[in-house]
Amino acid sequence: MYALVDCNNFFVSCERTLDPGLENKPVVVLSNNDGCVVSRSKEAKDLGIPMAAPAFKYKELFKKHNVKSFSAKFELYNFKSQQVIHISKSYVGEKDYEVYSIDELFLDLTSFKYVDIFNYCIKLKEEVKSEAKIPVSIGIAPTKTLCKIANRIVKKDPERFNGVFALDTPEKIEKALKWLNIGDVWGIGRRLAIKMHDNGVYKAWDLLQKPEMWVRKVMGIHGVRMINELKGIRQLELDTPSPKKSIAVTRSFMQMLTKREEVRERVETFGMYCSERLRKQNTCCKMVTVFVQTNRFRKDLPEYRNAKTRILPNPTNSSIILGRVVHELFEEIFEEGFHYKKAGVIVNDFVPEDQRLINLFEEDTQNQHLPVMRAMDAMNKKYGKDKVRLGSMSGQNTWGRAQLSPEYEAFLKNNTLTEANFRFH
DNA sequence: TCTGGGGTCCTAGGACCC
DNA sequence: TCTGGGGTCCTAGGACCC
């Protein structure tokens, strides 16, 4: 059996650890620039606030029902995530867990032959609640896909199930599959859901009645795996953490930008962040993409979007080299006269720092830069983000960030956990 | 006025090779 | 001049996830 430990409306629960007065009240957490709703308390869901709702459209509703809204605080969420992971993984063997996302992890319970798994998970749930102050739901099942379903069943009626539910008999599985809408199956997105409906598949159970050839044709290799997973035949193992294959730093701007210099500064800063993250995982990239785009919601303004990718002569993670490339790519795609809303830098095609193949005919300064970069990283770690930076950066990385609460300021002061600690935990 | 920010994997089609 | 049948690799785009 696997178990899926999933934090209940995670970001909101994190906010409640800072301010217990938010308990039992409608609370939402907003994305960057306070744009979209990305986490909702149960009370907020009951008010009909959908996921990813644009905040400005719900201002009135928030006011009317006294919904508390918060800007996202990722340092806090990462910290709480680690606490939950730390407690959860102590319940299984050393490598018998997979951190699936910031608020979810799978546990492999296969080796527990004589333990009452259900009560074991209740105990885990209660420890996470008392130690990390985060409520979790746990779904137990023979496959990951069924764990997701078990978890959904818990969340539907938490009191009834006391936070834990096991899909552990063929009868329970059949009942669950006949209840679950096809669009809610893990791996079925909006597009596929429509295709399913067009073909008379409405419940997860209906998919199992379709011939395998049909599934293979419509969904590709995914579909065949999904069917087996739904039947309780394991197709997906626990993933071991692997280095990233791409790194992206992209942002929407609070206000639209029109000046070349303003956008350029932002984009080069994104490039810097990419190179910092490359150095954190000790890799260099061979490919860089820069993109800019206008506001696609503003039909009254001319629309423009463009992207350009460069393959580097030599792999690098130097902020200086990357900054230069980003600058050049930016100049190739930037057009005057548009209102820019969003931009980003994406790097991919990585090689380990110490296994770079060097082009014979191109100058390679990566190794000269590296000690400087390391020193810069060390200083920024000690004294704070962007304290040491390239001359082309303004150092204002707080764009679009709302007022921080005193509780949060205190939290930041007392906890030095960083993204890197989290990732390589 | 105001609509997030990351990731992964698969597939189809083109370029090229023998 | 015309034609066949098999590969590999790369890329762009689509679909999914949180």
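Which residues do ring pairs link into a cluster?

**View 1. Aromatic pairs in the predicted model.** In this predicted model, the cluster linked by ring pairs consists of Y304, F330, F334, F338 and Y340. Across the structure, the count of aromatic pairs comes to 15.

**View 2. Lysine side chains over aromatic rings.** The charged end of K385 sits over the ring of Y273, at 4.1 Å from the centre of that ring. In another such arrangement, K178 lies over the face of W205, with a distance of 4.8 Å from the ring centre.

View 3. Four strands form an open sheet in the order β9-β12-β10-β11, and their pairing is antiparallel. From one strand to the next, the twist averages 15°. Strand β9 is joined by eight bridges to β12 (residues 340-352), the two running antiparallel, and within β9 and β12 I247 stands opposite V347. Helix α13 (residues 260-280) packs on this sheet and touches β9, β10 (283-294), β11 and β12, while its direction makes about 155° with that of β9.

**View 4. The packing of helices α1 and α4.** Helix α1 (residues 10-18) packs against helix α4 (residues 74-89) at an angle of about 95°, with 10 Å between their axes; the two are therefore roughly perpendicular to each other. On the α1 side the contact is made by F10, F11, C14, E15, T17 and L18, and on the α4 side by F74, L76, Y77, K80 and S81. These contact residues divide into seven nonpolar, two polar and two charged.

**View 5. The packing of helices α6 and α8.** Helix α6 (residues 144-156) and helix α8 (residues 170-179) pack at about 75°, and their axes are 11 Å apart, which makes α6 roughly perpendicular to α8. Helix α6 contributes L146, I149, R152, I153 and K156 to the contact, and α8 contributes I173, A176, L177 and W179. By class, the residues of this contact divide into seven nonpolar and two charged, with no polar residue among them.

Definitions and conventions. Residues numbered from 1 in each chain as written. Chains lettered and ligands numbered in written order. Predicted model: local features only at pLDDT ≥ 70, side-chain atom pairs only at ≥ 80, totals over all residues. Heavy atoms only, no water. Phe/Tyr/Trp six-rings, centres within 6.5 Å; stacked < 30°, edge-to-face > 60°. Lys NZ or Arg CZ within 6 Å of the ring centre and 35° of its normal. Pairing = 2+ DSSP bridges. Axes fitted to C-alpha atoms, helices over the stretch in contact; angles between N-to-C directions. Contact = heavy atoms within 4.5 Å. Parallel < 35°, antiparallel > 145°, perpendicular 65-115°, else oblique. Nonpolar A, V, L, I, M, F, W, Y, C, P; charged D, E, K, R; others polar.
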